[in-house]
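Good morning, and thank you for joining.

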Amino acid sequence: MKTQIASCFGSLLFALSLSAQTAPLTTGDPIPLPGTTGGYDFIQFDSAGNRLLLGHEGNKSFDVYDLNSKKLTVVPTSTSQDAAADVKNHLYYVSGNDPGRMVIVDAKTLTVTGEVPVPSDVDLIGYDPQTGLVHLCNDKAAEQWVIDPVAKKIVTTIKFDGTGMEDMALDLKNRRLFQAVKGKNAIAMVDLDSNKILAAWPLAPDKGPHGIALVPDTDGLLVACASNLVLISRTSGKILATAPIGARVDEMAYDPALHMAYCASRVGKISVIAVGATTLTPAGDVPDAARTGDITVDPATHTVWIAYPKGDQCFAQPFTPNQK
């Protein structure tokens, strides 16, 4: 009996050791972001500037953390939700509220240089460098404003069949925009040159699409739904694979070099999924700050980043992939 107990205990220790060795991410130390408070909406990584772009809804600002200088700059934009980088013109386009508008920020001086008012509250934002136009989501209805940032005006409005908008992904090579649409639990495909909706693909039986990401080396598109990550074809809309993830994912990130997807849930864990051409394989969950739904990845170093408030302080935190 004692031998059996010892054997079982030894097996348990081995399993725990193996689990620790094969965890998909190593958690780094949180980095304080001084002088800021409140929750974030979306965070992005600016590869050209080696910066974290933080839509700081709770702080009523747009925050930029420079990873070279380790310096945080708080840009007084009022409430911000998301940001897109215009590398050629050295600008950031920021979706802002109170009231709804697109804010233009000089990426060199990190000062506000202009804004474009819109009719309602805003959420996600994307930039098409080929047309020079910005795509800005209405946070109250299923529509998207297409904005000329030079003329500072809305040039067209794309209306979707649904009740609201979540994440978008731009496929610049094939001139397509993919939009997560609430209410219909669908992914809409838009022609970036005509701004016409070409298709709307249902995700049933999954629902609640939020974060999405292109899989650029395949035909795939990743969609983080209420309880599953869904892989669909970008040409047909066919569901290719699903994998379970933490509940209430808001934002997700994909590292194309490592073929890994990172889904930040609001239940205190990051779900890590290995992505194949037609497959999704869970690689494990990594604990993070509770209720953190914001995540991005540096494609050069493969570092995964989150940002979150804790008490009256805010933090950014890195996670390093454990590559096999």
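Let me begin with terms: strands here are DSSP runs of E with at least two residues, numbered from the N terminus, and two strands pair if DSSP finds at least two bridges between them. Please note that the model is predicted: local features need pLDDT of at least 70, side-chain atom pairs count only at pLDDT 80 or more, and totals for chains, interfaces and linings use all residues. Residues are numbered from 1 along each chain as its sequence is written, and side-chain values use heavy atoms, without hydrogens and water.

Consider an open sheet of 4 strands, ordered β7-β8-β9-β10 and paired antiparallel. Because β7 (80-86) and β10 (111-117) each have a single partner strand, they stand at the edges, and one side of each lacks a neighbour in the sheet. From one strand to the next, the twist averages 25°; axes are lines fitted to C-alpha atoms, and angles run from 0 to 180 degrees between N-to-C directions. β7 pairs with β8 (residues 91-96) in the antiparallel sense over 6 bridges, and D82 has S95 in β8 as its bridge partner.

Is D191 buried or exposed? D191 is buried, at a relative accessible area of 16%, where buried means under 20%, exposed over 50% and partly exposed in between, with a 1.4 Å probe and protein chains only. Leaving aside residues up to four places away in sequence, D191 touches R175, R176, K196 and L198, contact meaning heavy atoms within 4.5 Å.

Finally, another open sheet of 4 strands runs β23-β24-β25-β26, with antiparallel pairing. Its edge strands, β23 (251-255) and β26 (280-287), each pair on one side only. In β24, C263 stands opposite M252.
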